[in-house]
Amino acid sequence: MKILILNGPNLNLLGKRDPDTYGPETLEKIRMNIDAAFPDVELVWFQSNHEGELIDQIQQAQQNGFHGIVANWGGYTHTSVAIRDALEAVDLPKVEVHLSNIHAREEFRETSITGKVMNGIITGFGSNSYILGIQAVKLMTNKD
Ligand code: CA2
């Protein structure tokens with residue numbers, strides 16, 4: 001089983017700033033811990049600060065043989081109609097994850113434009129949100 005894990009803008013700064021909100025770990029450390037937690041799943045990680053690069057990944061996910069997508073869209077969660085439109089065209093399990101609880105922060109984070117076309121959203125569990133997201137994709141498929 002192969003899952004694409006997409007990470008949007010500024011998530012490359014994790015561990016370098018704002019640990020009170022997003023935790024102390026870098027994205028690379030999160031990736032290493034989560035890869036180790038799912039030895040039976042091929043996890044392919046991609047981070048970009050560019051909307052179009054994320055959209056390219058979404059559009060290619062099915063032809064690249066992925067069985068599901070777990071994504072933290074970063075700030076694009078609250079702004080990107082283009083990512084939402086790309087997601088609508090993809091017939092794969094799709095789970096949105098957030099490190100922080102987007103409902104417990106500023107009002108502008110309350111709305112997830114992308115989340116409306118995902119199967120569900122996991123928000124507020126730190127890096128465990130990724131673990132829960134991967135488990136949710138696994139539950140939605142019959143694949144090992
Ligand atoms: O809680 C999350 O995972 C977010 O997706 C993180 C985004 C934020 O815009 C969303 O509302 C919630 C921010 C990405 C990380 O930004 C950083 C900025 C400075 C230092 C470290 C990370």
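Guide: Helices (H or I, at least four residues) and strands (E, at least two) are DSSP runs, numbered from the N terminus. The model is predicted, so local features need pLDDT of at least 70 and side-chain atom pairs 80 or more, while totals for chains, interfaces and linings use all residues. Residues are numbered from 1 along each chain as its sequence is written, and side-chain values use heavy atoms, without hydrogens or water.

Start with helix α4. There E88 forms a salt bridge with R84 (side-chain nitrogen of Lys or Arg within 4 Å of a carboxyl oxygen of Asp or Glu). The closest N and O atoms are 4.0 Å apart. E88 and R84 lie four residues apart in α4, so about one helical turn separates them.

Now helix α2, residues 27-37. R31 and E28 form a salt bridge, with 2.6 Å between the closest N and O atoms. Three residues apart in α2, R31 and E28 are also separated by about one helical turn. R31 is partly exposed at 25%. E28 is partly exposed as well, at 43%. D35 joins in: E28, R31 and D35 are linked in a network of salt bridges.

Next, R105 and E106. Their side chains meet in a salt bridge, 3.8 Å from N to O. R105 is partly exposed at 27%. E106 is partly exposed at 34%. Across the whole structure, a search finds six salt bridges.

For contrast, look at strand β3, residues 68-72. Five of its five residues are buried, so the rest of the structure largely encloses β3. G68, V70 and N72 point one way, I69 and A71 the other.

Terms used. Buried < 20%, exposed > 50% of the residue type's maximum accessible area, 1.4 Å probe, protein only.
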